[in-house]
Amino acid sequence: MAKSRSAKKAEKSRAQKEREWDDDASSCSSRETGEACSPNYEENPLEFICEALYEKRASVRESALKILVEFLRSSYRYGECDSWKDTLSQQLLSILRKGKAKEVDLASTSITLIVATLGASDWTTGTVNEFLPMLQDTMLNTKQAAAKASATRAYGMLCYIGSDDSETLQTCIGHLTKLVSTANATAKSEAFN
């Protein structure tokens, strides 16, 4: 009986710790120890989101990705995206490598929105070169339909916006065609010759 009480107590403690970040990220429970407080969403939303993307718990990262997608869809955010583009792209790339299907879905949507916001630039071209192999792997190897669809959409948008030459764009179109086409390989290759 004592074990069940202690197990319940430990479970309650874990659940409370998980809610701390979600419920009130602007408060700092460790002020006595001198540790830095979490950034406040109202003061700097992208700093708040980036900080959450470093979390180990998938639920926290997923919540941060949802907030990021809503933030980017709410209005044109060029200045904010430009300031945080490197940090966001590295975190999103990491999530594409190791994340669960829902995280991959949201990360793909997020990078699409960031690249669409920033438009064609040297940074976008470099980012496209980093993301395309990961997105292609996701498109081919992920079993969840939503993650696969988001990765495919991201792949197409990144190719379109970030390709600096027609050869790269044609290669991207070829990969997308192979993914979605039901025709045989010769018909696919003849379409681009």
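Here are some notes on this predicted model, point by point.

1. **Confidence overall.** The protein chain has a mean pLDDT of 76, with 72% of its residues at 70 or more. Helix 5 (residues 101-118) has the highest confidence, at a mean of 92, while helix 9 (residues 185-190) has the lowest, at 45.

2. **Two stretches to read with care.** Residues 13-37 stay under 50 in pLDDT, and the model gives this stretch 23 contacts beyond four places in sequence. The pLDDT is also below 50 over residues 182-193, a stretch with eight contacts in the model beyond near neighbours in sequence. I leave the details of both stretches aside in what follows.

3. **The fold in outline.** Of its 193 residues, 39% count as buried. Among contacts with a separation of 6 or more, 61% link residues 24 or more positions apart.

4. **The nonpolar core.** The largest nonpolar core has 43 residues, and those that touch the most other members are Leu92, Phe131, Leu135, Tyr155 and Leu158. At least two residues of this core come from each of helix 2 (45-53), helix 3 (58-74), helix 4, helix 5, helix 6, helix 7 and helix 8. Helix 5 makes the greatest contribution to this core, with eight residues. As background, nonpolar side chains in soluble globular proteins tend to be buried together.

5. **Tyrosine 155 in its surroundings.** Leaving aside neighbours within four places in sequence, tyrosine 155 is in contact with Leu132, Leu135, Gln136, Met139, Cys172, His175 and Leu176. Two names on that list, Cys172 and Leu176, are also among the buried residues of helix 8.

6. **Helix 8.** The 15 residues of helix 8 (residues 166-180) should span 21 Å at 1.5 Å a residue, and the end C-alpha atoms are 21 Å apart, which agrees. Cys172, Gly174 and Leu176 are the buried residues of helix 8. These buried residues pack against helix 6 (122-141) and helix 7 (145-162).

7. **The disulfide.** The count comes to one disulfide. Cysteine 159 and cysteine 172 form it, with their sulfur atoms 2.2 Å apart. The angle about the S-S bond is -80°, and the link of cysteine 159 and cysteine 172 is left-handed. Because cysteine 159 lies in helix 7 and cysteine 172 in helix 8, the pair ties together parts that are 13 residues apart in sequence.

8. **Two other cysteines.** Cysteine 50 has 2% relative accessibility and therefore counts as buried. Cysteine 81, at 1% relative accessibility, counts as buried too.

9. **Glutamate 103, buried or exposed?** With 1% relative accessibility, glutamate 103 counts as buried, because the cut-off for that label is under 20%. Glutamate 103 has its place in helix 5. Not counting residues up to four places away in sequence, glutamate 103 touches Ala58, Arg61, Glu62, Leu65 and Ile95.

10. **Lysine 100 and alanine 58.** Lysine 100 is found in the loop between helix 4 (78-98) and helix 5. At 59% relative accessibility, lysine 100 counts as exposed. Lysine 100 and alanine 58 are 42 residues apart in sequence, yet 7.7 Å apart in space, C-alpha to C-alpha. Alanine 58 is also one of the residues that glutamate 103 touches.

11. **An aromatic pair.** The count of aromatic pairs comes to one. The ring centres of tyrosine 76 and tyrosine 78 are 6.4 Å apart and the ring planes stand at 20°, so the pair is stacked. How exposed are the two partners? Tyrosine 76 counts as exposed, at 64% relative accessibility, whereas tyrosine 78 counts as partly exposed, at 37%.

Definitions and conventions:
Residues are numbered from 1 along each chain as its sequence is written. This is a predicted model: local features need pLDDT of at least 70, side-chain atom pairs count only at pLDDT 80 or more; totals for chains, interfaces and linings use all residues. Side-chain values use heavy atoms; hydrogens and water are left out. pLDDT is the predictor's confidence in each residue, from 0 to 100. Helices (H or I, at least four residues) and strands (E, at least two) are DSSP runs, numbered from the N terminus. Contact means heavy atoms within 4.5 Å. Buried means under 20% relative accessible area, exposed over 50%, partly exposed in between (1.4 Å probe, protein chains only). The expected span of a helix is 1.5 Å times one less than its number of residues. A disulfide is a pair of cysteine sulfur atoms within 2.5 Å. A nonpolar core is a set of buried Ala, Val, Leu, Ile, Met, Phe, Trp, Tyr and Cys residues joined through side-chain atoms within 4.5 Å. Rings of Phe, Tyr and Trp (its six-membered ring) pair if their centres lie within 6.5 Å; planes under 30 degrees apart count as stacked, over 60 as edge-to-face and the rest as tilted.
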